[in-house]
Amino acid sequence: PSSRIDGFGTTIFAEMSALAARTGAVNLGQGFPDTSGPPELLERARAAIASGDNQYAPGLGTPELRAAIVRHQARHHGVELDADTQVVVTTGATEAIAAAVLGLVDAGDEVVVIEPFYDSYVAMIRMAGAVPVPVTLRAPDFRLPVEDLQAVIGPRTRAIMVNTPHNPTGAVLSDEELTALAELAERHDLTVISDEVYEHLTFDGVRHRPVATVPGLADRTVTISSAGKSFSVTGWKIGWATGPAHLVEAVMAAKQWLSYTSGTPFQGAVAWALDHADDFVADLARQLQDQRDRLCDGLEAVGFGVIRPQATYFATTDIRPLGFDDGLDFCRRLPELAGVVAVPHQVLHLDPEPGRPFVRWAFCKRPEVIDEALTRLRRLSPA
Ligand code: PMP
Ligand code: GLN
């Protein structure tokens with residue numbers, strides 16, 4: 001094996017899903033819904049395959065999907081993009097992240113990551129030969145610590161990766177945080193890679209504000225999203241990156257040597273959904289909010305310290321009130337203790353210490369699945 005992959009091991013999401021499969025535990029670990037997207041979306045992919053739409057799409061993505069991404073960004077966010085130079089379709093947001101890092105960061109550069117993080121960021125920064133520099137979000141509110149951010153930026157800092165709404169904490173960057181980010185990015189001439197896959201999955205009237213809409217950030221930000229989250233088709237792996245032409249061109253230059261092009265029959269279907277499935281997405285966000293409350297109320301009743309998220313698929317708990325202190329150890333034992341699987345925050349940190357007592361639970365699951373998990377978890381409650 002190459003030194004590039006030293007210490008990579010297996011992603012926590014694969015480890016925990018395998019643990020759930022092996023033990024029959026209820027899987028509230030890996031974030032994927034247990035229901036599929038809108039029926040017409042599914043039917044359109046089937047029809048595309050049946051009609052022979054099965055060969056390579058253009059590298060940038062089909063013109064139809066790129067045009068739909070442009071309309072979607074204009075309608076929801078007021079962002080104007082050119083479909084031929086400012087949009088590239090990718091094999092999930094994961095490939096967009098990989099291509100953005102490979103296309104925009106040099107070996108030896110420092111890249112700021114906000115921890116806890118979606119784990120592919122740091123893996124990709126390392127594969128690019130660059131150096132991840134963490135800024136830690138702290139419980140219970142997980143707000144962006146602007147002074148810490150300022151303190152880690154130095155002459156070698158090339159880029160900052162942000163994620164709003166944020167996995168795993170569910171925090172949504174506020175206008176004040178975004179303004180501070182813009183000020184630092186401009187002052188230090190940084191590229192911003194902004195992962196916004198949960199753009200529509202916000203609760204309680206909280207609105208996601210795209211990073212690229214903040215004055216000063218449009219020209220330096222690559223924005224990443226994915227059909228998987230908005231339309232509950234995480235297995236389709238259709239994502240995209242948008243931004244100024246000079247950055248998107250660099251993402252495309254890297255993407256062409258990763259996957260070359262992304263799943264053709266899904267692209268037309270996703271284009272349809274971007275134009276026509278706003279009601280599905282709004283219903284999904286409402287359902288997720290109800291499921292969040294169902295899960296969070298139940299976890300509180302079990303005795304966890306619960307941090308109720310503003311967005312995403314995930315809630316966080318502090319496990320200390322139940323007498324545990326190490327999330328990784330807790331999650332590895334949880335199938336045997338209670339027949340449930342969850343994900344520890346600490347493996348989503350470079351410095352595991354601040355994440356140690358926190359555990360993430362996915363609520364993108366049917367109410368009966370959440371209830372079954374909660375019934376099992378009551379075994380952890382003090383008698
Ligand atoms: N970013 C974040 C924050 C995520 O939670 C996910 C979920 N898998 C991804 C990126 C990857 O998205 P995709 O499945 O489209 O590659
Ligand atoms: N985004 C999902 C999660 O955070 C799935 C991640 C994955 O399987 N790579 O759980």
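**Exercise 1. Is Asp351 buried or exposed?**

Solution. Start with the criterion: a residue is buried if 20 or more other C-beta atoms lie within 10 Å of its own, exposed if 12 or fewer, and partly exposed in between, with C-beta atoms placed from the backbone. Asp351 has 11 other C-beta atoms within 10 Å, so Asp351 is exposed. Next, locate the residue: Asp351 sits in the loop between strand 12 (343–344) and strand 13 (358–362). Helices (H or I, at least four residues) and strands (E, at least two) are DSSP runs, numbered from the N terminus. Finally, look across the fold: Asp351 and Glu115 are 236 residues apart in sequence, yet their C-alpha atoms are 8.7 Å apart in space.

A word on the model before going on. This is a predicted model in which local features need pLDDT of at least 70 and side-chain atom pairs count only at pLDDT 80 or more, while totals for chains, interfaces and linings use all residues. Residues are numbered from 1 along each chain as its sequence is written, and chains are lettered from A and ligands numbered from 1 in the order in which they are written.

**Exercise 2. State the confidence that the predictor gives.**

Solution. Take the chain, using pLDDT, the predictor's confidence in each residue, from 0 to 100. Its mean is 97, and 100% of the residues reach 70 or more. For the complex, the predictor gives an ipTM of 0.97 and a pTM of 0.98.

**Exercise 3. Describe the largest nonpolar core and where it lies.**

Solution. A nonpolar core is a set of buried Ala, Val, Leu, Ile, Met, Phe, Trp, Tyr and Cys residues joined through C-beta atoms within 7 Å. The largest one has 121 residues, and Ala100, Val101, Val251, Val340 and Trp361 have the most contacts inside it. Helix 4 (residues 92–104) supplies the largest share, 9 residues. Domain 1 (3–37 + 279–380) and domain 2 (40–276) both contribute to this core, so it lies between them; these bounds come from an automatic or database domain assignment.

To zoom in, call two residues in contact if their C-beta atoms, placed from the backbone, lie within 7 Å. Beyond its neighbours within four places in sequence, Trp361 touches residues including Leu28, Leu295 and Phe314. In helix 9, the buried residues are Leu247, Val248, Ala250, Val251, Met252 and Lys255. They pack against helix 4 and several strands, among them strand 2 (87–90) and strand 6 (191–195).

**Exercise 4. Characterise the contact between the two domains.**

Solution. The C-alpha centres of domain 1 and domain 2 are 24 Å apart. Their contact takes 34 residues from domain 1 and 35 residues from domain 2. On the domain 1 side, helix 11 (278–302), strand 10 and strand 13 each give two or more residues. Helix 11 gives the most, with 7 residues.

**Exercise 5. Describe the shells around the two ligands.**

Solution. A residue is near a molecule if its C-beta atom, placed from the backbone, lies within 6 Å of it. Of the 14 residues around ligand 1, Gly92, Ala93, Thr94, Tyr118 and Ser226 come nearest. Helix 4 gives the most to this shell, with 3 residues. Around ligand 2 are Thr11, Phe13, Gln30, Gly31 and Asn167.
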